[in-house]
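Student: I've got this model open and I'd like a close look at one part of it, the nonpolar core. Can you walk me through what sits there and what surrounds it?

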Amino acid sequence: MTAATGTRRSGRAYALQLLYARDGDPSTDVAGAAVSWADAFDLEVDPPAQLFARDLVAAASERGAELDELIASASKNWRIDRMSRVDRNILRLGAAELVAFRDVPVKVVINEAVELAKRFGTAESSAFVNGVLDRTEGH
């Protein structure tokens with residue numbers, strides 16, 4: 001794993017935590033708080049990972065309605081509001097990365113989202129995230 005890969009991986013995990021926090025209070029500017037929260041909570045997220053997390057969360061926030069629509073159309077029989085909070089936010093991050101970060105290969109985005117699902121979700125999360133993002137990718 002290269003340094004850039006490790007930075008992006010930890011950035012994605014931090015971005016998930018930021019989006020999860022925003023889910024509790026949608027008015028919170030989590031992208032703007034990304035750097036200060038890492039310091040305030042003494043998180044071990046290096047500055048490049050913080051910046052990647054900020055950019056990822058900003059993309060997910062700015063394109064929220066578009067991403068939710070994309071996810072909803074790709075998730076058969078699952079409404080966004082019925083998904084677990086963790087799965088929903090992993091899908092939002094993955095969809096945001098697919099849409100806004102075209103330099104990252106699709107397979108990498110999906111694999112990284114699946115890894116987040118394994119780490120933070122339930123036993124079923126990784127398969128669910130994989131299936132939805134795989135169908136999202138074609139849009």
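Tutor: Let's settle one term before anything else: a nonpolar core here is a set of buried Ala, Val, Leu, Ile, Met, Phe, Trp, Tyr and Cys residues joined through side-chain atoms within 4.5 Å. Buried, in turn, means under 20% relative accessible area. Keep in mind too that this is a predicted model.

With that in hand, the largest nonpolar core has 45 residues, and Ile90 and Leu91 are the ones that touch the most other members. Helices H1, H2, H3, H4, H5, H6 and H7 each give two or more residues to this core.

Start with helix H5, which runs over residues 85–100. Its 16 residues reach 22 Å from the first C-alpha to the last, close to the 22 Å expected at 1.5 Å a residue. H5 is mostly covered, with 14 of its 16 residues buried. Now pick out Leu91: leaving aside residues up to four places away in sequence, leucine 91 touches Ile71, Met83, Phe128, Val129, Val132 and Leu133. Back at residue 85, the charged end of arginine 85 sits over the ring of tyrosine 20, 3.9 Å from the ring centre.

Next, the rings. Searching the whole structure turns up two aromatic pairs. One of them joins phenylalanine 52 and phenylalanine 101, edge-to-face, with 5.6 Å centre to centre and 75° between the planes. Phenylalanine 52 belongs to helix H3 and phenylalanine 101 to the loop between H5 and H6, so this pair ties together parts that are 49 residues apart in sequence. Both partners fall under the 20% cut-off for buried: phenylalanine 52 has a relative accessible area of 8%, and phenylalanine 101 has 13%.

The other pair is tryptophan 78 with phenylalanine 128: the ring centres are 5.7 Å apart and the planes are at 65°, so this one is edge-to-face as well. It links distant parts of the chain, with tryptophan 78 in the loop between H4 and H5 and phenylalanine 128 in H7, 50 residues apart. Tryptophan 78 has 41% relative accessibility and counts as partly exposed. In that loop between H4 and H5 you'll also find asparagine 77. Asparagine 77 is exposed, at 82% relative accessibility, and has a positive phi of about 65° although it is not a glycine.

H3 has 16 residues and spans 22 Å from its first C-alpha to its last, close to the 22 Å expected at 1.5 Å a residue. Buried residues in H3 include Ala49, Phe52, Ala53, Leu56 and Val57. Several of those turn up again when you look from H1: alanine 15, which is in helix H1, touches Ala53, Leu56, Val57 and Leu93, not counting residues up to four places away in sequence. Alanine 15 is buried, with a relative accessible area of 0%. For a sense of scale, the C-alpha atoms of alanine 15 and tryptophan 78 are separated by 23 Å, and the two are 63 residues apart along the chain.

Helix H2 holds alanine 34, which is buried at 0% relative accessibility. The contacts of alanine 34, again not counting residues up to four places away in sequence, are Tyr14, Leu18, Gln50 and Arg54. Gln50 is itself one of the buried residues of H3.

Finally, H7. Threonine 136 is found in this helix and is buried, with a relative accessible area of 2%. A polar atom of the threonine 136 side chain lies 2.7 Å from the backbone oxygen of valine 132, and valine 132 is one of the residues that leucine 91 touches. Beyond four places in sequence, threonine 136 touches Leu70, Ile71 and Ala74. Ile71 is on the leucine 91 contact list too.

Serine 126 touches Val114, Ala117 and Lys118, not counting residues up to four places away in sequence.

Methods:
Residues numbered from 1 in each chain as written. Predicted model: local features only at pLDDT ≥ 70, side-chain atom pairs only at ≥ 80, totals over all residues. Heavy atoms only, no water. Helix = DSSP H or I, 4+ residues; strand = E, 2+ residues; numbered from the N terminus. Expected span 1.5 Å × (residues − 1). Buried < 20%, exposed > 50% of the residue type's maximum accessible area, 1.4 Å probe, protein only. Phe/Tyr/Trp six-rings, centres within 6.5 Å; stacked < 30°, edge-to-face > 60°. Lys NZ or Arg CZ within 6 Å of the ring centre and 35° of its normal. Contact = heavy atoms within 4.5 Å. Polar contact = N/O pair within 3.5 Å; in protein donor to acceptor, adjacent residues only side chain to side chain.
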